[in-house]
Amino acid sequence: MWHVLTTNTSYVDLGADYYLRRDDPQTRKNRRLHQLQDLGYTVELALTA
């Protein structure tokens, strides 16, 4: 709302799936990996068949 009021533009709905479309699986994996390592876990990743 702040952006609409300060720039005097119309509101544009980005859609219900906006954040899902922006999601990058590699980035999400790396974030979770670092979170676990920060908690003291040793993480080994292996692909499932």
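A search of the whole structure finds 2 salt bridges; a salt bridge is a side-chain nitrogen of Lys or Arg within 4 Å of a carboxyl oxygen of Asp or Glu. The structure is a predicted model, in which local features need pLDDT of at least 70, side-chain atom pairs count only at pLDDT 80 or more, and totals for chains, interfaces and linings use all residues. Residues are numbered from 1 along each chain as its sequence is written, and side-chain values use heavy atoms, with hydrogens and water left out.

**Salt bridges**

Side chains of opposite charge can pair when their charged atoms come close.

| Salt bridge | Distance, N to O |
|---|---|
| Arg21 and Asp17 | 3.2 Å |
| Arg28 and Asp23 | 3.0 Å |

For accessibility, buried means under 20% relative accessible area, exposed means over 50%, and partly exposed lies in between (1.4 Å probe, protein chains only). Arg21 counts as exposed because its relative accessibility is 52%.

**The chain as a whole**

The protein chain has 3 helices and 0 strands, and along the sequence the pattern reads α-α-α. Helices (H or I, at least four residues) and strands (E, at least two) are DSSP runs, numbered from the N terminus. The C-alpha trace spans about 50 × 30 × 10 Å along its principal axes.

Of the 49 residues in the protein chain, 2% are buried. The chain exposes about 5100 Å², and carbon and sulfur atoms supply 55% of this area. Accessible areas come from the Shrake-Rupley method with a 1.4 Å probe; for residues, only the protein chains shown count as cover.

The chain carries 6 positive and 6 negative charges, whose mean positions are 1 Å apart. Lys and Arg count as positive and Asp and Glu as negative, while His and the chain ends are not counted. The place of a charge is NZ of Lys, CZ of Arg, CG of Asp or CD of Glu.

**The loop between α1 and α2**

Asn8 lies in the loop between α1 and α2. Its phi is near 55°, a positive value in a residue other than glycine. Most residues other than glycine have a negative phi. Asn8 is exposed, with a relative accessible area of 73%.

Thr9 is found in this loop too, between α1 (2-7) and α2 (18-22). Thr9 counts as partly exposed because its relative accessibility is 38%. The C-alpha atoms of Thr9 and Ala46 are separated by 48 Å, the two residues being 37 apart along the chain.

**Aromatic and nonpolar side chains**

Rings of Phe, Tyr and Trp (its six-membered ring) pair if their centres lie within 6.5 Å; planes under 30 degrees apart count as stacked, over 60 as edge-to-face and the rest as tilted. The count comes to 1 aromatic pair. Tyr18 and Tyr19 form this edge-to-face pair, with 5.0 Å centre to centre and 75° between the planes. Tyr18 is partly exposed at 23% relative accessibility, whereas Tyr19 is exposed at 63%.

Leu36, Leu39 and Tyr41 make a nonpolar surface patch of about 340 Å². Patches are made of residues with over 30% relative accessible area and no salt bridge: like charges are joined within 9 Å, nonpolar side chains (Val, Leu, Ile, Met, Phe, Trp, Tyr) within 5 Å. Leu39 lies in the segment after α3 (25-38), and Leu39 is exposed, with a relative accessible area of 65%.
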